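Thanks for coming. Please look at the screen.

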Amino acid sequence: MRTRLKKFTQFADGLLPHETRYLLSVQQMVDPVKLEILKQIDVNCKSSEPTILYDDSIDKRKYSHLKNWIVRQLKAIDVDEEYAWMCDLEQKIHWDNINPEEEKHLLKFIRNYSHPIFNFIKFYEVVRQYRQFLLVRLRYADHQFVDHFLREYQAAYERSHLVNQQLHQATRDIIDHYAENSSESIQWEKWLSDVFYDDYLDGFNRYTALIRLVFIAFNYNKYTRVKEMFDYLDQAFADGKYYSRRILLNYYNNRLLLHTRLKELDQAEYYGKLSIRGKNYDFIFYVNNLCSLLLQSGKVDESWNILREALPSLKTTHNYHSRIGFVALYIKTLIMKGEYEKAYSYGEINLRAYEKEILRYRWHRFFVSYLECLLFLGKYSELVIVVNKYGLLDKEEKYKTRPHYLPTISWYFFLAQYQLGDLSFSRLIEQFQDCLPAQEEMNRSMFMTLMERLKKRFPQLDKRLMEMFLIT
């Protein structure tokens, strides 16, 4: 059965819950067999391990027809397909190469236009270019019709364009805060919320505003409002609004991040597995977020399998932020599997190959994993050399203002010095205490996890030391 329906099964297993939910809402099937198959697809796509097998006794043409119908239905509402159509039109108009059928379609789209669409800014600009195309060809009737559309929506276009420009400024402040903690971003929260809930604005600006609000939520540990917005958007997706696979995958990844911060780990894992069901530019980034969660939940083998399957995609990515994050997780997973030599080798190879990129993009994440590997292998001298070579203690000192900060690198360094005999036990305790964050700023779960790992590897960090850091 699996062999005969392999292609259909692969297609069906790649669908997303919001896609099948929408398809069920719009279907008008008279064939009960096709409808039953569609319902089976809906059940399967909601599970990370589909359980309902497709009946191979059914005429294969029904599966083929259903697949074609699904593709047509989703393509018809896909805002990325819509954007590609607009870009193609823009090029053809610019090159005087638009054909009569394409013009007919464009004029019909303008006539039936219902504001706002997701790609309103782009569409308005295409129509504006088409207006000039018509005028120089003395097509007065069509020009008058198109000109009326442009004048009717000129104010809406100018507002959308202005919002888009302001979003860029907001993004700079928000990302600076998120990445460097060098500015504030809370001042944008109300404005971004107003943008998201403005039904008269285009969908692109509204979704962009939501993603910026996610970053603000992470910056200030404020998640209630963003969760409400995600629930609002969830229904919009189910209704076929703002749909594209790219946007849905991004939405699932952001829900993973949100539910992780809310300690709703089962939901976070569910959305994380959905986010890697398709491959795009951000695939490695989504893999990183999911595997980080899986390691946090102790699902080491599952994380390992996903990372291994993603290795071919890693080789083609040009996003060093995602690449270095992946490398750090790969090392950490090997450590948690007890394969320290493999972890060390992989870290050393990547440090030689991407030294500049590591220091620029994800130095803390990489070195936390790499130094832990050195520590657990007993390479104490090498650990001290690496920390001094790259000035990691000074870097971590500047890093301490970030949320959920733990002085992990400093602790590893002091432990290595202690093991080398350069620190006494009492001095080790003092060093640990000196860089310990304030109680109210500490992530207790992360702290206790770190201490448990160290205690297992270094039994000399006995109960007395643990009691000094007991969090009540």
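Predicted model: local features only at pLDDT ≥ 70, side-chain atom pairs only at ≥ 80, totals over all residues.

Residues are numbered from 1 along each chain as its sequence is written, and side-chain values use heavy atoms, with hydrogens and water left out.

Back to glutamine 40, which sits in helix H3, residues 32-45. Helices here are DSSP runs of H or I, at least four residues, numbered from the N terminus. Beyond its neighbours within four places in sequence, glutamine 40 is in contact (heavy atoms within 4.5 Å) with Ile52, Leu53 and Tyr54.

Next, the nonpolar cores, meaning sets of buried Ala, Val, Leu, Ile, Met, Phe, Trp, Tyr and Cys residues joined through side-chain atoms within 4.5 Å. The largest has 122 residues, and those touching the most other members are Ile70, Phe367, Leu371 and Leu375. Helix H20, residues 363-377, contributes the most to this core, with 10 residues. Another core, of 25 residues, lies apart from it and includes Tyr113, Phe123, Leu134 and Phe149.

What does leucine 375 contact, leaving aside its neighbours within four places in sequence? The list is Tyr380, Leu383, Tyr412, Leu415, Ala416, Leu454, Arg457 and Phe458.

Now helix H13, residues 245-261. Its 17 residues should span 24 Å at 1.5 Å a residue, and the end C-alpha atoms are 25 Å apart, so the two agree; the expected span is 1.5 Å times one less than the number of residues. H13 is mostly covered, with 14 of its 17 residues buried. Just after H13, lysine 263 takes a positive phi of about 65°.

Last, empty space. Rolling a probe the size of a water molecule over the atoms shows where it is left. A cavity is a set of points, on a 1 Å grid over the protein atoms alone, where a 1.4 Å probe fits but cannot get out, and lining residues have an atom within 4 Å of a point. There is one cavity of 30 Å³ or more. Its lining is Glu189, Leu213, Ile216, Ala217, Lys222, Arg225 and Val226. Helix H11 gives the most to that lining, with three residues.

Methods. Buried < 20%, exposed > 50% of the residue type's maximum accessible area, 1.4 Å probe, protein only. Helix = DSSP H or I, 4+ residues; strand = E, 2+ residues; numbered from the N terminus. 1 Å grid on protein atoms, 1.4 Å probe; cavity = no way out; pocket = protein on both sides within 12 Å on 5 of 7 lines; lining within 4 Å. Points joined across faces, edges and corners; volume = space filled by probe spheres on them.
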